[in-house]
Amino acid sequence: MERADRAAILASIAALALGACERAASEAPGGSSTAGAAAEGGGGGAATGPIAASSGASGASEPGNAGGQGGAGSSSSSGAGGEGGALSWEPVETDWCSAGWIGLDDHTCFHVPETAPRGAPILYVLHGAMAPDSLPVALQAIAAETAEALGVVAVFPRGRPGLCTWDPSVETYSCWPTRRETVDAAAPALLDEWMRAEALMERILGARFGGRYVMGFSNGGYFASYVALEGLVAVDGAGLVGAGRMVIEEPLFSEERPPIYIAVGELELASTIASAENLADVLTQHGWEHELVVHPGRGHEIHGDDFSRAWATWAAAP
């Protein structure tokens with residue numbers, strides 16, 4: 001990154017932090033978390049479009065396609081934000097962050113839209129299983145467009161190799177834990193990294209986030225289900241696209257019950273659709289606010305309207 005480019009990015013961040021609108025994020029779903037810590041595989045088809053990302057087991061780095069293959073632990077707020085000693089930080093150069101995204105570190109990107117008010121919510125976006133040589137260009141483009149439309153700060157962390165345990169051929173892929181044993185072993189460290197990153201972003205922007213949400217596609221959706229159902233970290237809403245759950249440990253349900261958006265395409269693998277329907281059935285039995293959407297004509301893919309519908313689901317929850 002050229003010195004001039006780095007200076008421009010830092011200047012933009014400073015302007016957002018110091019001159020952010022004082023208007024409240026009135027259109028954001030009511031948040032309860034003060035932002036400031038075993039499932040089955042699903043793979044599938046492909047789709048392209050200006051705001052669509054298809055899975056593809058090998059991943060992809062072309063616009064319109066993002067790698068993803070379905071797979072699919074204590075909650076607290078970060079308690080940090082905008083205070084402390086002198087901040088020594090510069091954007092990190094990494095291929096993981098595509099145009100419009102800033103490298104917080106070598107595996108975390110964030111996007112701050114001009115539409116974000118001071119104290120905007122934070123939205124975590126979780127990718128699907130990604131081959132070592134693939135980049136999340138398409139999904140980051142969708143997430144950035146969503147952040148601009150909703151006025152939220154988006155953060156895009158990277159999963160870890162070795163967590164795709166359902167098939168030896170994907171052991172080197174970047175994934176999220178999606179089985180009981182891998183969730184218990186890996187989730188605490190992953191979520192601690194999220195909270196540390198979130199605290200740093202709050203210091204960079206000079207304000208605490210006004211709510212925390214998580215949206216996961218495919219393998220990332222299965223992990224998002226653990227986060228929301230078990231309260232592995234406090235969230236105000238969760239979204240699962242191309243994912244669900246067949247094995248659900250109901251005794252581990254969190255006392256907090258954030259609204260959950262679940263979406264699959266009608267052309268998905270039958271097992272993926274069944275896992276989404278099963279999760280929705282269990283949530284219904286527990287009186288848990290949720291929405292299940294089966295997109296006509298779609299396969300294993302995520303689109304911008306999934307984000308907007310998820311946001312509407314979260315906003316509609318009491």
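Author: Helices here are DSSP runs of H or I with at least four residues, numbered from the N terminus. The model is predicted. Just after helix α2, G151 takes a positive phi of about 70°.

Reader: What span does helix α2 reach from its first C-alpha to its last?

Author: Helix α2, residues 137–150, reaches 20 Å, close to the 20 Å expected at 1.5 Å a residue.

Reader: Which residues of α2 are buried?

Author: Buried means under 20% relative accessible area. In α2 the buried residues are A138, L139, Q140, I142, A143, A144, T146 and A147.

Reader: How many aromatic pairs does the model contain?

Author: Ring centres must lie within 6.5 Å for a pair, and planes over 60 degrees apart count as edge-to-face, under 30 as stacked. The count comes to eleven aromatic pairs. For W176 and W194, the centres are 5.9 Å apart and the planes stand at 80°, so this pair is edge-to-face. W176 belongs to the loop between β5 and α3, whereas W194 is in helix α3, 18 residues apart.

Reader: What is the geometry of the pair formed by W176 and F223?

Author: W176 and F223 are stacked, with 5.8 Å centre to centre and 0° between the planes. Because F223 lies in helix α4 and W176 in the loop between β5 and α3, the pair ties together parts that are 47 residues apart in sequence. F223 has 0% relative accessibility and therefore counts as buried. One aromatic cluster is formed by Y124, W176, W194 and F223.

Key. Residues are numbered from 1 along each chain as its sequence is written. This is a predicted model: local features need pLDDT of at least 70, side-chain atom pairs count only at pLDDT 80 or more; totals for chains, interfaces and linings use all residues. Side-chain values use heavy atoms; hydrogens and water are left out. Helices (H or I, at least four residues) and strands (E, at least two) are DSSP runs, numbered from the N terminus. The expected span of a helix is 1.5 Å times one less than its number of residues. Buried means under 20% relative accessible area, exposed over 50%, partly exposed in between (1.4 Å probe, protein chains only). Rings of Phe, Tyr and Trp (its six-membered ring) pair if their centres lie within 6.5 Å; planes under 30 degrees apart count as stacked, over 60 as edge-to-face and the rest as tilted.
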